[in-house]
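Reader: I am new to this structure and would like to go through it by question and answer. Please show it before we start.

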Amino acid sequence: MPGGTCFCVSMGTGPKATAGFDLALTELSGPHRFLVETGSEQGSEIVAALPHRLATDDDIDAAAEVSRLAATRMGRQVDTDGIQERLSGAHDSPRWAEVASRCLTCTNCTMVCPTCFCTTVEDATGLTGTTAERTEVWDSCFTLDFSEVGGSPVRGSGSARYRQWLTHKFSTWFDQFGMSGCVGCGRCITWCPTGIDVTEELGCIR
């Protein structure tokens, strides 16, 4: 059952997994069971080591129906037609300032996003001065010092940081990786303490 903030159908990423997995499980009822699909050699090895039976045509049809019904029950939707061009041309949209007035730049959205991967490094020396270590830690493009260059941030305002995040996810990610940076899971909506809805913002930014 999709959550109220899901919009993976709009992003073409679900609800059925089609690639990039080891095992994909679909829960079925009457009787309760799971249909398991293997997507890699490692996945096949795991299934071979477990008690199982071959799926029947009825099992396969039931799993397809689960995915079909889930696709009709999305809690949100996004119009992705021309979204890259729309965002790249909206650099000076007044909507950025409006959403920034509500955004706390708390980084919740980036911490729960399954595709965000920004990191930074922290250097530390021991009290004796004889040891030093560098540690890579999670970071977010919403933090003020993330874009710091020469002692000051390139994106000093909340509106600039929100614009960077949204434009990267839905526009420039295509230039980097040939696909959208958003999978439509809706976690950023769920975990935003001020209720900012990315699907609403995408509809308002022109």
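Reader: Does Thr105 count as buried, partly exposed or exposed, and at what relative accessibility?
Author: This is a predicted model, in which local features need pLDDT of at least 70, side-chain atom pairs count only at pLDDT 80 or more, and totals for chains, interfaces and linings use all residues. Residues are numbered from 1 along each chain as its sequence is written, and side-chain values use heavy atoms, with hydrogens and water left out. Buried means under 20% relative accessible area, exposed over 50%, and partly exposed in between (1.4 Å probe, protein chains only). Thr105 therefore counts as partly exposed, at 23%.

Reader: Where is Thr105, and what is its phi near?
Author: Helices (H or I, at least four residues) and strands (E, at least two) are DSSP runs, numbered from the N terminus. Thr105 is placed in the loop between helix 5 and helix 6 (108-112). Most residues other than glycine have a negative phi. The phi of Thr105 is positive, near 45°.

Reader: Which loop holds Thr107, and is Thr107 buried or exposed?
Author: Thr107 lies in the loop between helix 5 and helix 6. Its phi is positive, near 80°. With 15% relative accessibility, Thr107 counts as buried.

Reader: What is the peptide bond from Gly14 to Pro15, cis or trans?
Author: Most peptide bonds are trans. Pro15 sits in the loop between helix 1 (8-11) and strand 1 (23-28). With omega near 10°, the bond from Gly14 to Pro15 is cis.

Reader: What is omega near for the peptide bond from Gly30 to Pro31?
Author: Pro31 is found in the loop between strand 1 and strand 2 (33-38). The bond that joins Gly30 to Pro31 is cis, and its omega is near 0°.

Reader: How many Å separate the C-alpha atoms of Glu148 and His52?
Author: Glu148 is in strand 5 (residues 148-149). At 45% relative accessibility, Glu148 counts as partly exposed. Glu148 and His52 are 96 residues apart along the chain, and their C-alpha atoms are separated by 54 Å.

Reader: What radius of gyration does the protein have?
Author: The radius of gyration is taken over C-alpha atoms, and the globule rule is 2.2 Å times the number of residues to the power 0.38. The C-alpha trace spans about 65 × 55 × 30 Å along its principal axes. A compact globule of 206 residues would have a radius of gyration near 17 Å, but the protein has 21 Å.
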